[in-house]
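Colleague: I am new to reading structures like this one. Could we go through it together, one question at a time?

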Amino acid sequence: MTMIFSEEDKAFSAEVRAYLSDNLPAELARKVRYNQRLTRDDYTSWQDVLAARNWYAVGWPASAGGPGLTQTQRYLFEREYGALSCPHPCQFGIAMAGPVIFTFGNDEQKARFLPGIRENKDFWCQGYSEPGAGSDLAALKTTAVREGDHYRVNGQKIWTTWANWADWMFCLVKTDLEVKPQRGISFLLIDMRSPGITVRPIKTIDGDEEFNEVFFNDVLVPVENRIGEEGQGWTYAKFLLEFERFSMSGAARSRRVLSEIRADAEALGKADDARMAERLTRLEIELLALEHMELHLLARSVGGENPGPEASKLKIRGTEIAQALSRLRVDLHAENCLVHSEAFLDALEPSDNPSAMGAIATYLNQRKLTIWGGSNEVQRMILAKQILELG
Amino acid sequence: MSTNLDDELHMLTDTVARYVANRSDGKAQIENGWKELAELGWLYLPYPEEVGGLGLGTAGVSAVMQGHGRGLLATPYLPFAVMAGGVLARCPRGSHALAAVMEGEQRVAAAFAVGAAPTLAAHPAGAGWRLVGACDHVLSVDEADAVLAVARIGATEETGLFLVRADAPGVTITVQPLPDGRKAGRVGFDDVAVAAVDRLDEDGEAEALLREVETEALLAAAADNLGAMQVLYEQTLDYAKLRKQFGRPIGSFQSLQFRLVDMWIKLDEVRSLVASAAAAPDRNEAGALAVAAWIQSVWSGRLIGEEAIQIHGAIAMTDEHAVGRYVKRILVNELVFGAPERHFSRYRSMR
């Protein structure tokens, strides 16, 4: 039932740890540690490091040109990765566009798109949410009307992370308005340099601009950029939801953040403060429970079981714990968080107290965790229907 | 070896499930089961083979204890076999008593509270000792032939472990019924004479030994809680699917669906920690996981218990209904073995 890692597994862990720590630039690690904003170049240069080892598209099978890791290795990779202050890599190409392309795309599409994703040549974004279609994705309204060899795309996407940096977008569009909503959706790959696309960044509560609005005004997309069948986009989107969920516990990262907060508490002489010690221990035990839920789920899937939607529990608890940690950091530094400096957040200016200075922005930024990737309410709906079988 | 152990544990889990299903009506607690536990061989399974046990350790205990929680068994497996037996199994001078415990011939209660300082004092008297003081809330002491007492040695900071017959002169037992129907008692020691051979520990080892036993007791209590909250979750989920209001099952309302999902997650957290603690090969890690499992089982137990009553509604307020019995079981466990915060420093010292 429990996972006992083999010597090969342990050697793999050590290899990952050594490669990442040898190649993670100190300055980048410091930015991540203090939650400063990363530039596009921060991401891509780090992703190049990963790609050099074929560990950017780390979840891909060998048949798609990935490293073909076992599930256990995949888990161990995430664990080592989260333990270091590595930037969270951009997921849209490697964890979303890529898997849909290598699962549902034709040979030509695979040859055309997969190398660029795997080798970190192209920056991807995800065109799902719209003003009227968030959790209720089937309500989307962006249309793609077939005109010979092209689709003419009109409409709007929103909350599109890094659309301002992206070369490509994978996009859900409406290709049939007559049938029931889920049946009329198709999956298109759109070149972000196409005429008719306007990207407008949205400033978020933490002062960052990672979200965008994307407007499509008569954008022509070649039919060969459609993945799979017309009208089957919903199926592919659902496939991704499960693909993504298993790796969403974020437990390793939370473990690192917890030890950073504990170190801060010690440095401030607050580690023995009864209330602070109690909150730290409480969160640590909640995190331990999450880690062991994940380990048991991993053991079951290594054993051949498909845990399917059960992995939603990891997304729910993982994001709740990450948010609680971001709140704890604010409470620990208290009034020292009040000094606000955009220059510090943009890593243009040093600080004597960097832990405190990034705390509020992080707390605000982390509110997104329970909203995106299928909001936690959507995850609970899935569990209620599919695991508890409540009608 | 591991496959053998896995097979044995599998069989044990099945036997426990069958035993509970046969003996339980799902409502009242099961009384007078001690002889049956002895016949099933469960009194052998916690201890290592070197002292005559079956060597199933914490994994075996946690399977049996989940059955205890599930079937509301009143048999004092935890205090007698895990706590008192756990002490005896670690002391060479306890081997005789342990053999009688495993046979089911002698029942030894545990007169010490997990995580609390001893309330008894032992004064040297000739070659032996005299015990003075009282210990409260000793589980099932009314059924015991002897008690395993933990006492402070004289005016020192040291702790000693003593085996005392329940009918020894100067021992008084006052039964204290517990809110969930189980029994505990106050054991008074009025200058009770104890022979030197009945002090089980060697100087200086008692505290570390007790710590190990207490950690195992916490895991066993977590498993008892797990069994009980599993029933609460299952009954509440079933009820939500059957009970109709406003013309539809109440389980079709999203507010209740989300709460049931949270009960399921809280249950899974305990299940995961108990399973990991019982199977952890590393002693330190196993200890930290055991304490965490206990703490999580209390947190989860409170939520699942309160939600089970709320979602059942008024029917769960009746004395007749099973839900209240399970809720009381978990609550009594918490008060006997200690609220989470009381164990935080133990957890921190182990991780």
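Colleague: Into which domains is chain B divided?

Modeller: Keep in mind that this is a predicted model. The bounds of the domains come from an automatic or database assignment. For chain B, that gives domain 1 (2-107), domain 2 (109-203) and domain 3 (207-350).

Colleague: How many residues does the contact take from domain 1 of chain B and from domain 3 of chain B?

Modeller: Start with where these two domains sit: their centres, taken over C-alpha atoms, are separated by 21 Å. A residue joins the contact when heavy atoms come within 4.5 Å. Counted that way, the contact takes 23 residues from domain 1 of chain B and 27 residues from domain 3 of chain B.

Colleague: Which residues in domain 1 of chain B lose the most area to domain 3 of chain B?

Modeller: The two domains bury about 2,000 Å² between them, with 63% coming from carbon and sulfur atoms. On the domain 1 side, three residues together give 30% of what that side buries. They are B:Arg70, B:Leu72 and B:Arg90.

Colleague: What is the N to O distance in the salt bridge of B:Glu216 and B:Arg90?

Modeller: The interface of domain 1 and domain 3 of chain B holds three salt bridges by the rule. For such a bridge, the nitrogen and the carboxyl oxygen must be within 4 Å. The side chains of B:Glu216 and B:Arg90 meet at 2.7 Å.

Colleague: Which helix gives the most to the side of domain 1 of chain B that touches domain 3 of chain B?

Modeller: The rule also finds eight residue pairs in polar contact across this interface, both residues at pLDDT 80 or more. Two elements supply two or more residues to the domain 1 side, helix H3 (57-70) and helix H4 (77-90) of chain B. By class, that side has twelve nonpolar, eight polar and three charged residues. The helix that gives the most, with nine residues, is H3(B).

Colleague: Let's turn to the other chain. How far apart are the C-alpha centres of domain 1 of chain A and domain 3 of chain A?

Modeller: Chain A is divided into domain 1 (7-89), domain 2 (124-231) and domain 3 (249-386). Contact between domain 1 and domain 3 of chain A takes 16 residues from domain 1 and 21 residues from domain 3. Their C-alpha centres lie apart by 20 Å.

Colleague: Which residue forms a salt bridge with A:Asp264?

Modeller: Domain 1 and domain 3 of chain A bury about 1,600 Å² between them, 49% of it on carbon and sulfur atoms. Four salt bridges are found across their interface. In the salt bridge of A:Asp264, the closest N and O atoms are 3.4 Å apart, and the partner is A:Arg33.

Colleague: How many residues does H4(A) give to the side of domain 1 of chain A that touches domain 3 of chain A?

Modeller: Nine residue pairs are in polar contact across this interface, both residues at pLDDT 80 or more. Helix H2 (26-33) and helix H4 (71-83) of chain A each supply at least two residues of the domain 1 side. That side has five nonpolar, six polar and five charged residues. H4(A) gives the most, and its count is seven residues.

Colleague: Is the aromatic pair of A:Phe12 and A:Trp55 stacked or edge-to-face?

Modeller: Over all chains, the search finds 28 aromatic pairs. The rings of A:Phe12 and A:Trp55 are 6.1 Å apart centre to centre, with 80 degrees between the planes. Planes over 60 degrees apart fall into one class, so this pair counts as edge-to-face.

Colleague: How many residues apart in sequence are the parts that this pair ties together?

Modeller: A:Phe12 lies in helix H1 (residues 7-23) of chain A. A:Trp55 is in the loop between helix H3 (40-52) and H4 of chain A. The pair therefore ties together parts whose separation in sequence is 43 residues.

Colleague: Now the two chains together. Which residues of chain B lose the most area to chain A?

Modeller: Here 32 residues of chain B are in contact with 29 residues of chain A. The area buried between the chains is about 2,800 Å², and carbon and sulfur atoms give 67% of it. Three residues together make up 19% of what the chain B side buries: B:Phe258, B:Trp264 and B:Trp299.

Colleague: Which residue of chain A meets B:Asp262 in a salt bridge?

Modeller: Four salt bridges are found across the interface of chain B and chain A. In one of them the side chains come to 2.9 Å, N to O, and the partner of B:Asp262 is A:Arg380.

Key
Residues are numbered from 1 along each chain as its sequence is written. Chains are lettered from A and ligands numbered from 1 in the order in which they are written. This is a predicted model: local features need pLDDT of at least 70, side-chain atom pairs count only at pLDDT 80 or more; totals for chains, interfaces and linings use all residues. Side-chain values use heavy atoms; hydrogens and water are left out. Buried area is the accessible area (1.4 Å probe) that two parts lose on being put together, summed over both. A polar contact is a pair of N or O atoms within 3.5 Å; within protein, one must be able to donate a hydrogen and the other to accept it, and residues adjacent in sequence count only if both atoms are side-chain atoms. Helices (H or I, at least four residues) and strands (E, at least two) are DSSP runs, numbered from the N terminus. Ala, Val, Leu, Ile, Met, Phe, Trp, Tyr, Cys and Pro count as nonpolar, Asp, Glu, Lys and Arg as charged, and the others, Gly among them, as polar. Rings of Phe, Tyr and Trp (its six-membered ring) pair if their centres lie within 6.5 Å; planes under 30 degrees apart count as stacked, over 60 as edge-to-face and the rest as tilted.
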